[in-house]
Structure formats: C-alpha cells, structure tokens
Amino acid sequence: MSESLTTIDDAALDYWRSVVADRAAQVLARGVTKARALEVTQPEQAAMALYLLNEYPDKPRREIAREVNVSRIDLDRLAYHNAMKLEDARPELAAKFTKNASDLADLVGRKVARISEDDEQLDATSLKDLTIAMGISAQNAATMAGVPTTVIEHRSGPTLEDAMQFREEIRARLANKAKEESIDV
C-alpha cells in the first residue's frame, strides 16, 4: 500500500464521497440505463481517486489510477467532470501546505538553535549539510519576499540563417577572387 493510501483525511474523503454521489445522481437522472460513469459503477474508487487528485496534485495520474484500481481513461474523465470541484479545493490545500511549511520551519529553527548552542553537535554536523540548509533557507526567503529566483535573459545575435548567408557570401568572394586570379595569369 502506498504512502498516500495510509494517511487519509476522513473528512476530506467524505466530501469527495458526497461529490461522487451528487454526480451519480445527475447521471442517473438523465435516464441513462447503461451508465458507465465511474461515479455510478464504482463510487468508492471514484471518491478515493478525487481525494488523491486533490491531495497530491503533482502525483502522476497513472500512479493514482493504479492505486485505486481504475483505468487511466476513467480517471481522466473523472478529473475532467470534476475539475471545478478540484479547483475549489486547491486553496484549502495550499493553506494546509503553508501551515505545514511554517510548522516545519519552526522545528528546523529549534534544531538549529540547539546545534548552535552545543559545540559537539555543531562539530558533528557536516559543512555540506549546513550549506545546503542555508541555501534552501535563502531561496525560500527570497521567494517569500517576492524576489525572483530565476532570471531569464533574452539575447539577440546572429541566427543560423545569418551564418548560412555569411558562408555563401564568403564562398562567392573566394570564387570571384579565384576567377580574377586565373584571368590575370
């Protein structure tokens, strides 16, 4: 069992169960007798799939499909039909990640304070680990301050076409010079 299926927020899963039930009711209300919608045929898998799509937006869909035992096509259709619900849940997810990041930053700060007060622990901590932590902290601080962490530079210069034209000009000059020298003889 994967890590994502071992830590499930029951309240969030109940929300997705209600979303699936509403969608199944809409499908059945249209009078479709052979409804193949995942919400109708496998409502628990549909709810779990939507839960995982929301909780782990960067996780590859093929992994989510495998975890809940549905086809990738069914998962894509489920995500398409519930895109608005997924987008509505994203701000809550962002707030949760922000809180987690803040809590972890506090823990890291406490750990750094302990290490800095204890010379033995400071000596045991590698310079590489301290440097990596410093770099990550500096980049996160810059990001939070709105400082760009990536600079895109647009350069203009000769293109491949310019080089090809230059090559043809040189060839023409050399051909003319060879022609002139052969006539002078």
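Predicted model: local features only at pLDDT ≥ 70, side-chain atom pairs only at ≥ 80, totals over all residues.
Residues are numbered from 1 along each chain as its sequence is written, and side-chain values use heavy atoms, with hydrogens and water left out.

The protein chain has ten helices and zero strands, where helices (H or I, at least four residues) and strands (E, at least two) are DSSP runs numbered from the N terminus. Of the 185 residues in the protein chain, 20% are buried, a term that stands for under 20% relative accessible area, with exposed meaning over 50% and partly exposed the range in between (1.4 Å probe, protein chains only). Among contacts (heavy atoms within 4.5 Å) between residues at least 6 apart in sequence, 61% join residues at least 24 apart.

The crossing of H4 and H6 is right-handed, which is to say that the near helix is turned clockwise from the far one by less than a right angle, anticlockwise being left-handed. Ala46, Ala49, Leu50 and Leu53 of H4 make the contact with Leu75, Leu78 and Ala79 of H6, a set of seven nonpolar, no polar and no charged residues. In this classification Ala, Val, Leu, Ile, Met, Phe, Trp, Tyr, Cys and Pro count as nonpolar, Asp, Glu, Lys and Arg as charged, and the others, Gly among them, as polar.

On the H4 side Gln45, Met48, Ala49, Leu52 and Leu53 meet Arg61, Ile64, Glu67 and Val68 in H5, which divide into six nonpolar, one polar and two charged residues.

Lysine 59 is placed in the loop between H4 and helix H5 (61-68). Its relative accessible area is 19%, and lysine 59 therefore counts as buried. A polar contact of 2.4 Å joins its side chain to that of glutamate 67, a polar contact being a pair of N or O atoms within 3.5 Å, of which, within protein, one must be able to donate a hydrogen and the other to accept it, and residues adjacent in sequence count only if both atoms are side-chain atoms.

In the loop between H5 and H6 lies asparagine 69, which is exposed because its relative accessibility is 61%. Most residues other than glycine have a negative phi. Asparagine 69, although not a glycine, has a positive phi of about 60°.

Glutamate 39, in helix H3 (residues 38-41), is buried because its relative accessible area is 2%. Its side chain makes polar contacts with the side chains of arginine 23 (3.4 Å) and arginine 77 (2.8 Å). Not counting residues up to four places away in sequence, glutamate 39 touches Val20, Arg23, Ala24, Ala46, Arg77, Leu78 and Asn82.
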